[in-house]
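Subject: Structure handover

Hi,

Here is the structure I promised to pass on. Please open it first, then read the notes below.

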Amino acid sequence: MVTQQETSKTSWRKNLETVIGLDLRSLAAFRIGISTIILVDLFTRFGDLTAHYTDVGVLPRALLKEIAKTGHWSLHTISGEPIFQVLLFIIAAFFAVLMLVGYRTRVATIASWILLISMHNRNPALIFAADDVLRALMFWAMFLPWGACYSLDSALNTSQRKLPTTVVSGATFALMCQQCFIYIFSAAIKTKSPIWTDGTAVYYALSYDQYVTPFGYFLLNFQPILNVFTKITLVLEWIGPLAIFVPFRNSLFRLGAVITFIGLHAGFGLTLNIGIFPFLSIFSWLAFLPSEFWNGLEKRLQTPARQGLIIYFDADCGFCKKVVHILRTLLILPGTPLLMAQDYPNAYADMQTHNSWVIEDYQGKRYFKFKGIVYVVSLSPVFRFLVPLLNWKPIMAGGTKFYEAVANNRKFAGNFTKPFKFRPLEVRKSRVLNILAVVLLIYAFIWNIQSYAPDLFKRKIWHRTEVMGRITRLDQSWSIFAPAPPRDDGWHVIPGSLENGSQVDIFQGGNAVNWDKPSLGVRSAIYRNMQWRTYFINLNRAIGKKLYPFYGKYLCYAWNTQHQGSEKLEKFNIYFMDERTVPPGEEQTVEKKLTWEQSCNE
């Protein structure tokens, strides 16, 4: 007989699991989003690889030794040659792709985390808030089974044990707390500035031309609305993330929080040019989608066509078996029967006649070769938009020939799937990892407290453990537009003298020198991405004194490697047209400041 105490204990445990548990499907969506962000970020940074990560760039290793914080390390500092950086970028992309498709996911996650830290530490002058968020999320992801669903690991799973729907661990609790840290401590730091409490913070943020989009600039005409947006943002950051911990009707509160913050970050993305930050933040919230969301979505997707789909494959073809398992997972068609054709005489006869797999729909109609692929894709809730393209005659003809070539050379094709092994996949509970995750979470919490109140901890005591935060990059400070948006707005003008005596603006591709304020479109072209924007903002900070000499050398190098003879750069000056943001209604002024001058002959 079950006692009341046992019932109460069971109910308490179930409630706790509901509150701090995360659905494996949510973690998979989180993984796919974060992997995509990493790949996009790598691609963006690769375009400036020489400028940002080599010894001929803006921050050579000699300077990095002077400005790097104790404990920060980087594999990228092994060599300052471009080819070495290319190699590391390729390796990072390789592991990010493995993470995206979910193969050997934990290994790929750990490797991606290591390479991410290494890349960030190589050039701290490029680091923006999104980089800090990405590192924090990747750290906790190493402890999570985010490859247990919608992945090659799950597609090739041989375990007979059914995976749980949700996972509850120290890492799930840590990820939830980390999400709260990002917003709550940012809000706490913001309250140190009166502009967040008086409602003008969004005005200052949208007045910062380095970031603002045309839509954000348009909103400056509606100051009363901006005041409301300021207060809504602050309130949301203070209390919004805590909704994921509400113990009653948790699914409703979680879904409300996810939708609210996705909307908030979509608004940031529409009004501010802040790189991957809005997309990263949106993807981070996918981890907290409740199971009821996925259950409802799957119920809607269970159409007769999807429920009636059957795939027959050749049991004697290991390549074929792997491919159908992978396709079923990647096309998100869970539950689709994958049957060996040899066990069904009628299907086996069709397989031999057409030299093809056999796809059977819910009405008994069968498809073969590439037409079978197109039909299966048409049932995918994610990739069915590709069907018109796949049905295009040239694609259909080419796809059919390719399928036939593979079917006639299965052993050779098997070489491409040989690295992918069938193996058991299990989500195991580990007391050691749970304890470790909670201990590290407490450590991260102390970092956040210390960032808000630096004098709260005695420096000598804290210094003994501080290096661990530097090494793992759990060193956290969420000063995103905090305590206030920057006001040192303006633009750069870099007039240069060529050896033939002509004057050009080398900052704008050699055009005539123009001191007028560039339009938002021109400014977006000048500051090509978030890394360059951050770098030029840092030039105006205290660290700029150390950055300028090497930026000057890079300008000489970059110009003179693309120009010959008398068109080579002889010397230049760097001016910053300081347009400091003033309170609403006041007239803005521009001050011309000479910040650096350099000769390329030195």
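At what angle do helix 7 and helix 9 pack, and how far apart are their axes? The angle is about 165°, and the axes are 9 Å apart. Helix 7 covers residues 129-141, and helix 9 covers residues 170-190. The two are therefore roughly antiparallel, since an angle over 145 degrees counts as such. Helix 7 crosses helix 9 in a right-handed sense. On the helix 7 side, the contact uses V133, A136, L137 and W140. Helix 9 brings A174, L175, Q178, Q179 and I182. By class, the residues of this contact are 7 nonpolar and 2 polar, with no charged ones.

Please keep in mind that this is a predicted model.

Now the overall picture. The chain has 602 residues, and 50% of them are buried. It holds 28 helices and 11 strands. Its C-alpha trace spans about 85 × 75 × 50 Å along the principal axes. Take the contacts between residues at least 6 apart in sequence: 75% of them join residues at least 24 apart.

Next, what the record says. An unreviewed UniProt entry places "domain: HTTM-like" at residues 19-293. In the model, that stretch is 65% helix and 1% strand. Its end C-alpha atoms are 15 Å apart.

The unreviewed entry also lists "transmembrane region" for residues 83-103, 124-147, 167-189, 226-248, 255-288 and 432-449. I can describe two of these spans. Residues 83-103 are 90% helix and 0% strand, with the end C-alpha atoms 28 Å apart. Residues 226-248 are 61% helix and 0% strand, and there the end C-alpha atoms lie 34 Å apart.

Back to the helix pairs. Helix 7 also packs with helix 6, which runs over residues 105-122. Their angle is about 155°, and their axes are 9 Å apart. That makes helix 6 roughly antiparallel to helix 7. This crossing is left-handed. From helix 6, the residues in contact are T109, S112, W113, L116, I117 and H120. They meet D131, L134, R135, M138, F139 and A141 of helix 7. The classes here are 7 nonpolar, 3 polar and 2 charged.

Helix 9 has another partner too. Which way does helix 24 run relative to helix 9, parallel or antiparallel? Helix 24 spans residues 431-452, and the pair packs at an angle of about 5°. Helix 9 and helix 24 are therefore roughly parallel. Their axes are 9 Å apart. Helix 9 contributes G170, A171, F173, A174, C177, F181, F185, A188 and I189. Helix 24 answers with N434, A437, V438, L441, A444, F445, N448, I449, S451 and Y452. This contact has 15 nonpolar residues, 4 polar and no charged.

One last residue. Is P334 buried or exposed? P334 is exposed, with a relative accessible area of 53%. It sits in the loop between helix 18 (318-330) and strand 4 (338-340). P334 and E298 are 36 residues apart in sequence. In space, their C-alpha atoms are 9.6 Å apart.

Best wishes

Definitions and conventions:
Residues numbered from 1 in each chain as written. Predicted model: local features only at pLDDT ≥ 70, side-chain atom pairs only at ≥ 80, totals over all residues. Heavy atoms only, no water. Axes fitted to C-alpha atoms, helices over the stretch in contact; angles between N-to-C directions. Helix = DSSP H or I, 4+ residues; strand = E, 2+ residues; numbered from the N terminus. Parallel < 35°, antiparallel > 145°, perpendicular 65-115°, else oblique. Left-handed = near helix turned anticlockwise from the far one by under 90°. Contact = heavy atoms within 4.5 Å. Nonpolar A, V, L, I, M, F, W, Y, C, P; charged D, E, K, R; others polar. UniProt positions renumbered as here; feature names shortened; annotations may be inferred. Buried < 20%, exposed > 50% of the residue type's maximum accessible area, 1.4 Å probe, protein only.
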